[in-house]
Amino acid sequence: PSPTPSEILPPSPTPSPIPPLPPTPNPTATISPQSPASRLRFTTPIGGARVPERLDLAPGATRRYRLGIHEGVDFGFDVAGVPVSTGTRVVAAGDGVVVRADIDYREPSLREMDEILARSRTLGYTMPADLDRMRGMQVWIDHREGILTRYAHLNGIAAGITVGVPVSKGQLIAYVGSSGDPEYWGGLEPHLHFEVRLGDAYLGQGLPPDQARQLYVQALGGRD
């Protein structure tokens, strides 16, 4: 999720149940979240795109509206080097197996978003299950050795992309969108939220945004 709402409505009196968070496979990764990432040898998930220089779109950037931290890179907002809009093709960053594909995705209601942000204010952080809901429609790919990629805020999933299906680097898997409740934000600009997960951490975790961004540049073949 990106930029902040100016106002947050009060929570609904009867909270909705918190959906369970899908498990992440291979909890032990063979690469540290702060190690040089060139060995990952991924391609950019949007053809011809580069890792944006805007540090508010990088891992480690603050998200004040939910009292949290951004855990990936956002491709869009006219800073990805190529046009990104609803329906832009999203490809697998590397060879792997699909472990999540939200084919039956349902957009969260305004009430659910109120409750999520109210919980964040109360706790002082965003619960993992709530953050997962805010990422909208997603595809996850397991690349073995504890390495996983996430593709979020999607508008649709490509035909044939289901759990258990092997995919190849550069293969079409989904389409850019703004899922994760665009109505709440007054129209979330279409973009791809892309994460590299290493075990139970994200690539660059614990680093400032500028250093975390450089790890993504390395992981995606040095396209800066």
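Me: What is a salt bridge, and how many salt bridges does the count come to?

Reply: A salt bridge is a side-chain nitrogen of Lys or Arg within 4 Å of a carboxyl oxygen of Asp or Glu, and by this rule the count here comes to 13 salt bridges. Side chains of opposite charge can pair when their charged atoms come close. This is a predicted model, in which local features need pLDDT of at least 70 and side-chain atom pairs count only at pLDDT 80 or more, while totals for chains, interfaces and linings use all residues. Residues are numbered from 1 along each chain as its sequence is written, and side-chain values use heavy atoms, with hydrogens and water left out.

Me: Which side chain does D132 meet at 2.7 Å, and where do the two lie?

Reply: D132 forms a salt bridge with R100, at 2.7 Å from N to O. D132 belongs to helix 2 (residues 128-134) and R100 to strand 5 (residues 96-101), so the pair links parts of the chain 32 residues apart; helices (H or I, at least four residues) and strands (E, at least two) are DSSP runs, numbered from the N terminus.

Me: Is D132 buried or exposed?

Reply: Buried means under 20% relative accessible area, exposed over 50%, and partly exposed in between (1.4 Å probe, protein chains only). D132 is buried, with a relative accessible area of 7%, and R100 counts as buried at 10%.

Me: Which residues do salt bridges with shared partners join into one network?

Reply: R135 also meets D132, at 3.9 Å from N to O, and E195 meets R197 at 3.1 Å. Through shared partners, E71, R100, D102, D132, R135, R150, E195 and R197 form one network.
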